[in-house]
Amino acid sequence: MGSSRDDLKRFPTDVQDVMGYALHLAQCGERHGGAKALRGFGSAGVVEIVDDYDRATFRTVYTVSFADAVYVLHAFQKKSKRGVATPPRDIELIKARLRRAGEHHERWQRERDSDAT
């Protein structure tokens, strides 16, 4: 969703490998050992992968709450040195992209269902 793909491509190669593997596992219905539910989203199936590389922290947030789809909602480097909490600006962006992912998935399902008939 949004710029997530481009943002992920700007991560260091080693970090891209970790994130890519985690997303592959999610597509297969499995969960990466480092994946954890992102707080504040209840049962929305919003998951976060965190990878530390060269004294920097990279995060990728995705959702598995839609059948047959994994949506990457946000990929970013955490810059704040205060605490581990996801900054409020990033949380708002994730919420907005989660809503858009739901809308996209509904359209996709309707199109798929109409093609099947």
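Student: Which residue in β4 stands opposite phenylalanine 58?
Tutor: Glad you asked: this is a predicted model, in which local features need pLDDT of at least 70 and side-chain atom pairs count only at pLDDT 80 or more, while totals for chains, interfaces and linings use all residues. Residues are numbered from 1 along each chain as its sequence is written, and side-chain values use heavy atoms, with hydrogens and water left out. Helices (H or I, at least four residues) and strands (E, at least two) are DSSP runs numbered from the N terminus, and two strands pair if DSSP finds at least two bridges between them. In β4, the residue standing opposite phenylalanine 58 is glutamine 77.

Student: How many bridges join β3 to β4?
Tutor: Strand β3 covers residues 56-66 and runs antiparallel to β4. Tyrosine 62 has valine 72 of β4 as its bridge partner. The number of bridges joining β3 to β4 is eight.

Student: What is the order of the strands in the open sheet?
Tutor: The sheet has four strands, with antiparallel pairing. β1 (36-37) and β4 (69-78) stand at the edges with a single partner strand each, so one side of each lacks a neighbour in the sheet. Read across, the order is β1-β2-β3-β4.

Student: Which residue in β2 stands opposite alanine 37?
Tutor: β1 and β2 pair in the antiparallel sense over two bridges. Within this pairing of β1 and β2, alanine 37 stands opposite a residue of β2, namely valine 47.

Student: And which residue in β3 stands opposite isoleucine 49?
Tutor: Here β2 and β3 pair in the antiparallel sense over eight bridges. Glutamate 48 stands opposite valine 61 in β3. For isoleucine 49, the residue opposite in β3 is threonine 60.

Student: What is phi of arginine 55?
Tutor: Most residues other than glycine have a negative phi. Aspartate 54, in the loop between β2 and β3, has a positive phi near 50 degrees, and at 64% relative accessible area aspartate 54 is exposed. Arginine 55 is found in the loop between β2 and β3 and is exposed at 82%. Phi of arginine 55 is also positive, near 65 degrees.

Student: Which residue in the hairpin of β3 and β4 takes a positive phi?
Tutor: That hairpin has two residues between the strands.

Student: Which residues does tryptophan 108 touch?
Tutor: Tryptophan 108 lies in helix α3 and counts as partly exposed at 31% relative accessibility. Contact means heavy atoms within 4.5 Å. Residues up to four places away in sequence are not counted, and tryptophan 108 then touches Ala67 and Asp68.

Student: At about what angle does helix α3 run to β4?
Tutor: Axes are lines fitted to C-alpha atoms, for helices over the stretch in contact, and angles run from 0 to 180 degrees between N-to-C directions. Helix α2 (residues 13-27) lies across β2 (46-53), β3 and β4, at about 155 degrees to β2. Helix α3 (residues 88-116) lies across β2, β3 and β4 as well, and its angle to β4 is about 165 degrees.

Student: Which residue forms an aromatic pair with phenylalanine 66?
Tutor: Rings of Phe, Tyr and Trp (its six-membered ring) pair if their centres lie within 6.5 Å; planes under 30 degrees apart count as stacked, over 60 as edge-to-face and the rest as tilted. A search of the whole structure finds two aromatic pairs, and the one with phenylalanine 66 is edge-to-face, at 5.6 Å centre to centre and 85 degrees between the planes. Phenylalanine 66 is buried at 19% relative accessibility, and its partner is buried at 9%: tyrosine 71.

Key
Buried < 20%, exposed > 50% of the residue type's maximum accessible area, 1.4 Å probe, protein only.
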